[in-house]
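I opened a new page in my notebook for this protein. I will write down what I looked up, entry by entry.

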Amino acid sequence: LSPGAHLVALLAGQAPKAMRDADVEIVEVHHKKKKDAPSGTALMLATSVEKARAQVGQSSRVVKSRDGEALRKDGDIGVVAVRGGDVVGEHTVSFFVDGERVELVHKVSDRAIFARGALLAARFLSTSGRAPGRYQMTDVLAAAMG
């Protein structure tokens, strides 16, 4: 429910349209007690890039970590999980082209952001005239952005 993470996903879904030849890597960092890897947020970011690439006629595949001989293939979206300390959550989506790199970074330092995101979503849902249905945080952000 982090609004910032969903904003990064929206932006990550735009970058492949402008940077069609970019190599994409996602690095996520969480505390040492986190049980899943990669995180759901990292996978959401990878899916956003994957969908954007499909819209421009490019195929891609998500590669979760690498070991040994692991040459990058065109269309790969690398996802790497790092665990340590008490890090709440950090995600970096990097778009590499020869000569430059564009990075989208989201860092959470306080778990209260998830509660604030839930309250933002509740306000969105309680808006008068809101039709019954299923909504996502991207709908909440779109409404907030006007």
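**Entry 1: terms and ground rules.** I began with exposure: buried means under 20% relative accessible area, exposed means over 50%, and partly exposed lies in between (1.4 Å probe, protein chains only). I noted that this is a predicted model, where local features need pLDDT of at least 70, side-chain atom pairs count only at pLDDT 80 or more, and totals for chains, interfaces and linings use all residues. Residues are numbered from 1 along each chain as its sequence is written, and side-chain values use heavy atoms, with hydrogens and water left out.

**Entry 2: the whole protein.** I looked up the helices and strands. They are DSSP runs, numbered from the N terminus (helices are H or I with at least four residues, strands are E with at least two). The protein has 5 helices and 5 strands. From the N terminus, their order is α-α-β-α-β-β-β-β-α-α. Of the 146 residues, 34% are buried. I also looked up the box that the C-alpha atoms fill, which is roughly 55 × 40 × 25 Å along the principal axes.

**Entry 3: the sheet.** In what order do the strands of the open sheet lie? I read it as β2-β3-β1-β4-β5, with mixed pairing. The edge strands are β2 (61–64) and β5 (100–108), and each pairs on one side only. The twist averages 15° from one strand to the next. Two strands count as paired if DSSP finds at least two bridges between them.

I then went through some of the pairs.
- β2 runs parallel to β3 (residues 76–83), with 4 bridges. V63 stands opposite G78 in β3.
- β1 (residues 23–30) and β4 are antiparallel, with 7 bridges. V24 faces F95 in β4.
- β4 and β5 are antiparallel, with 9 bridges. T92 faces V105 in β5.

The hairpin of β4 and β5 has 2 residues between the strands, and G99 there takes a positive phi near 95°.

**Entry 4: helix α1.** I found α1 (residues 3–12) lying across β4 (89–97) and β5, at about 160° to β5. Such angles run from 0 to 180 degrees between N-to-C directions, with axes fitted to C-alpha atoms (for helices, over the stretch in contact). Contact means heavy atoms within 4.5 Å.

Which residues form the nonpolar patch on the surface? They are L7, L10, L11 and M145, with about 340 Å² of accessible area together. α1 gives the most to this patch, with 3 residues.

**Entry 5: salt bridges.** A salt bridge is a side-chain nitrogen of Lys or Arg within 4 Å of a carboxyl oxygen of Asp or Glu. The structure holds 7 of them. I looked up E25. Is E25 buried or exposed? E25 is buried, with a relative accessible area of 14%.

R66 meets E25 in a salt bridge (2.9 Å, N to O). R66 sits in the loop between β2 and β3, E25 in strand β1, and the two are 41 residues apart. R66 is partly exposed at 34%. R72 also meets E25, at 2.3 Å, N to O. R72 lies in the loop between β2 and β3, 47 residues from E25. R72 is partly exposed at 30%.

Last, I checked K34 and D36, whose closest N and O atoms are 2.8 Å apart. K34 is partly exposed at 24%, and D36 is partly exposed at 36%. Salt bridges that share partners join D23, E25, R66 and R72 into one network.

How values were computed. Patches are made of residues with over 30% relative accessible area and no salt bridge: like charges are joined within 9 Å, nonpolar side chains (Val, Leu, Ile, Met, Phe, Trp, Tyr) within 5 Å. Accessible areas come from the Shrake-Rupley method with a 1.4 Å probe; for residues, only the protein chains shown count as cover.
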